[in-house]
Every structure is written in C-alpha cells, then in structure tokens.
Amino acid sequence: MKPAYVLIFTVLLLCSRVEPEGAEEKPAMEDKTNTETEAEKKEKTEEITEEKNVLVLHEKNFARALSENKYLLVEFYAPWCRHCQALEPLYAEVAAQLKNQSSPVRLAKLDATEEKELAKEFEVSNFPTLKLFTDGRRHNATEFTGKRSVKRIIQWLQRHTGPSAVLVNHERVAQELINTHQVVVLGFFKELKGEKVKVFNDVALDIVDVTFGITSSPELFKKYKVEKDSIVVFKKFDDKRADMPLSEDELDRDELVSFIQTNSLELVIEFSEENGDKIFSNKIHNHLLLFINSSMELSRGLLDDYTAAARDFKEKILFIKIDVTTEVSHVLNYFGLSASDAPALRFINTDTLKKFIMAEEAINKDTLKTFCQNVLDGKIKPHLKSEDIPEDWNKNPVKVLVGKNFEQVAFDKTKNVFVEFYAPWCGHCKELAPVWEKLGEKYKDHENIVIAKMDATANDAEEVTVQGYPTLKYFPAGTERKVIDYNGKRDLETFVKFLDNGGDLPPLFEEEEPDEDEDEDKEIPDEVSSESQQDSEKLVNGSSRKDEL
C-alpha cells in the first residue's frame, strides 16, 4: 500500500525488517506443478495439522477450524511472496506465545494460491492478508491493520478480543491505570452509549500501543475536574495531562486520533524503533533532528534549550533527538554527517522531502526558535546535497548527474532529458540498469534526446521529489521547466515509444492493470530500523507492504 505522501525519514528509519531486497517474481504455474511434492498431492481431509503451532488450513478443514476456535487469526499467503516468507518466523513466535499463555486465540495459515475459492470468498487480493474470525463466523472477519511484528500482532489481538477500553468506575482503578502506564487515554462520558462512545472505542481498536479507559462515574468527573464529556490523555512526562472537551456535535474520528497521537509523544522524541510508528503516523510532517553525543556534558545542557523551543512549536514541528553513540550510521550518512559533527541540526519536511540546515553555529533556545520559524515562513532555502561532478560524467551513453550539474543538464532548453533516479542497493534499479544502458546506446547520437541517471541517495535536485526507486522523470526541452513523471512499463520498447512520442505514451503502451507485484513497482524507504544503510533506505509507510494476488 502506497501513501499519498512518503515519510522520507523513512529512508532513515525502516519499520518492517520484513522485506528482503530485490524484486519479487511469481513462479510460473508449470514450474510449481513440476516441483510439487508427494505430501502436497496427498488428499486433503478435515484433519487439522500444525506447523510451529500454526494451524494449516485448506478448503476441507477450514470450517472445522472456525468451529473449534473462538478466535482464529488466518494468514492468507503465497509461497513465493517475500513478505510472507519474512513474516513466517514472527507469526510462529506469536502462535507459540499465545499457546503458552493458554490464549483463546489461535493462529492459522492458508495458501491462497492453492485455495482460490477461499481467497475469493474472503476477498484476498494481496499478500499477506491476515483476517480475524470470531465465534466461528465466516462473515465480517476483521482484517489485521497493525504492524507486522511479534509485539504489535499480540497487542492488536488483545485489543480486538477483549474490551477496547477498560471500564473504570472507581478512583482506585483509575489511579492504578494511570500509574501503571506511560500514557493512558481516558474517555469521560456522562452516558456510555451513543455515537461519540462508538467513535472512541473504534479509535481504541486501532491505536493498540496506548492504553484506553472509559468512565461515566461522577466521582471521577469530580476527582479529575472534568465538567463535560471529554477525552483526557494522562502521561508521565512533559505537562502530564492534555484535555479535549467534546462539543455537542459528533466526535470527529480524525480529530480524536490526531489529539491522541500528538499528546502521546514527548516534546522531544527519542529516535528509536519503538517510537517509529508514533513519529511517522503523526499528522506533523515537519521534523527537526538534533544529533547529540550523550557522553558529552554539552549535550545534556543543550537538551534543555531544545525542549524549551519544542514547547513553542507543539503541533507544528516534531522535535527528535538522535544519539550518535547508538547504531545510527545510516541516518548520519543520509544527512551527510558523521558522529564527530554532533551536536548538529537538520530539519526535514516529509511531504516535500526538503531538508534545511541552520546557519548559526550556536544552538540555543533563541537560535532554534528563529531557525524553525524561518523554515515555516519559507525564508530559508532547502539544503541540497551533491557528490562531486565525475570527470567522465558525459563520456558514456548514459550521462551521470549529481546535484551540482543537474540543473544545467536536466533543464537544458535545447534537450529532452530522460532521467532515472536510483538507489545503489535497489533491486528494481539493478534490474532496470541493462535496459537503461541499451536506451542510452540507442539515443547516444540523437541531437536532442539525453538519457541520464542520478544516485538519489547521494544527491538532491530542488524541483524533483523522489519517493521511491527507481523514479523516472522526463524533462522536455523549452523554457517552461516542465517535469513529466513516467509511469509506463519499464522495457526498451515502451521507453522508445515514450521518447519518440515527445514524452507521452500512446494509448496502446499505457500501463495496464497491475500484475501480482506491481505494488512493489518501486522500492521506497520503510520506517525505523538500524540494520544497514542498505536496508534503511527502502521506503514504505510503515504500515504493511503487500504483494498483490
């Protein structure tokens, strides 16, 4: 699933760790048939077998599994799907933990490429798809919407198989809830029914990493000085509490989610895998990063000023701190920094992907406030990184662009320039490389068509947004500085038709409905991980990437 905007931070952070590099190809049906084992050919019965505590389902035993388990989470997978392969050990770990806890929830899996009728019945169109069945009902299964990690899957299941919010009727229970958890969202409603309560409970189902409570107790209204229906976030940091009094009108779900997300975060957020989801699901797309060395006394005092500035820009900018003594080399590399540069600041907007650098050397509350306000007001130009121009950049059929020569080449008024923006680690880019070289060879002597490429992980271009790899853009000749996105098939014939048609695809060559892996057409950075730089620059919205059926 691709978001309307990509969290570029995502380049740094990487959430899923579930995606090996490289393109996914669905094996041909005849190959699958030729490699079938005797076990696969064995006649299916109602008997239910297990693999690593996961029930193995098919058309013959599916109904039985539903009838025998109050809660059944079923993974619809494809053997060739790399996301399914990466999920497999995590899924088995969840199954083992639940089984050891004598949980009423069981986990199961079903090969949707074999069980096509079941896949059709449950509207499975991509992989992996996880659905929770309750009380043996085949209808109205709940699709899993959380992050695919052991912790998040278990949290999601607990929230969907128990009360979404704890019913709080006594002061002792409320105080115990608040004292036990870092953040608690408590809904105060005079009556525990109606549309507002429904919206509150629905939101609690989705935000599984925060504890929710609900009350109608006059005692608690008085104790916590709540006069009308309200949502209150209690927290153990910053201002300790945030209130959202509700109007007589309906409760807007998006407003509630935004309120909870904003107030569940500390004013200064520590960069970590644990905080990744909170950072990137937030409505605030302006992020200020402070790189510090926690072993230095200077950094401890600097954080006080940083926190003070954060108060002035709450709900406008997320203030994030990154300790360079931890495994963040991929983040440092992305911003062109080294650990020795700490303390250092970088500002990034995750919609436009623009980055900004503070000119002042002194970092204090006043310089921070001035810098942040100037960025918001558009008074500071974005910082563009660039490699040095290679001496032989123009020697080969495919021209090599960097930040420093991009403007000169791409916006040459006399040339039509077709550029591939790539990442060195990207599997799809590696697949495209020989085709792109052939395209360059074909047009190397053309008077006004130039084929070029640019490493977008090491270079920026002011008027270009790269949200995935490879990204292909066409810069037509002329003075209008047009930029045309190429969204057609990535083969030589279609490229040639596109170029010979002046940057437009004839109808017969327009991209058709996506095949099984078209949702992976580009690799885009995921959120939050500190594995390798190669992994850290794959993009996704932290939600779940899937392969299409």
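Q: Buried means under 20% relative accessible area. By that cut-off, which residues of S21 are buried on one side and which on the other?
A: This is a predicted model, so keep in mind that everything here is read from a prediction. In a regular strand the side chains alternate between the two faces of the sheet. S21 is covered on both faces. One side has Thr471, Lys473 and Phe475, and the other has Leu472 and Tyr474.

Q: How many of the five residues of strand S21 are buried?
A: Strand S21 covers residues 471–475. It's largely enclosed by the rest of the structure, because the buried count is five of the five.

Q: Which residue is the bridge partner of Tyr474 in S22?
A: S21 has strands to pair with: five bridges join it to S19 (residues 416–422), running antiparallel, and there Phe421 sits opposite Thr471. Two bridges join S21 to S22 (residues 484–485), also antiparallel. In S22, Tyr474 is partnered by Ile484.

Q: Leaving aside neighbours within four places in sequence, which residues is Val203 in contact with?
A: Val203 is one of the residues with the most contacts inside the largest core. Skip its neighbours within four places in sequence, and the list is Phe212, Arg253, Leu256, Val257 and Ile260.

Q: How many residues does the other core have?
A: Another core lies apart from the largest one. Leu55, Val74, Trp80 and Ala112 are among its members, and the count is 23.

Q: At the start of H12, which residue's backbone nitrogen does a side-chain oxygen of Ser272 reach?
A: H12 runs over residues 273–280, and its buried residues are Asn275, Gly276, Asp277, Ile279 and Phe280. At the start of the helix, the Ser272 side-chain oxygen comes to within 3.2 Å of a backbone nitrogen, that of Asn275.

Q: Zooming out, what share of the residues in the protein is buried?
A: The protein has 19 helices and 23 strands. It exposes about 26700 Å², with carbon and sulfur atoms supplying 45% of that. Out of 549 residues, the buried share is 50%.

Conventions
Residues are numbered from 1 along each chain as its sequence is written. This is a predicted model: local features need pLDDT of at least 70, side-chain atom pairs count only at pLDDT 80 or more; totals for chains, interfaces and linings use all residues. Side-chain values use heavy atoms; hydrogens and water are left out. Buried means under 20% relative accessible area, exposed over 50%, partly exposed in between (1.4 Å probe, protein chains only). Helices (H or I, at least four residues) and strands (E, at least two) are DSSP runs, numbered from the N terminus. A polar contact is a pair of N or O atoms within 3.5 Å; within protein, one must be able to donate a hydrogen and the other to accept it, and residues adjacent in sequence count only if both atoms are side-chain atoms. A nonpolar core is a set of buried Ala, Val, Leu, Ile, Met, Phe, Trp, Tyr and Cys residues joined through side-chain atoms within 4.5 Å. Contact means heavy atoms within 4.5 Å. Accessible areas come from the Shrake-Rupley method with a 1.4 Å probe; for residues, only the protein chains shown count as cover. Two strands pair if DSSP finds at least two bridges between them.
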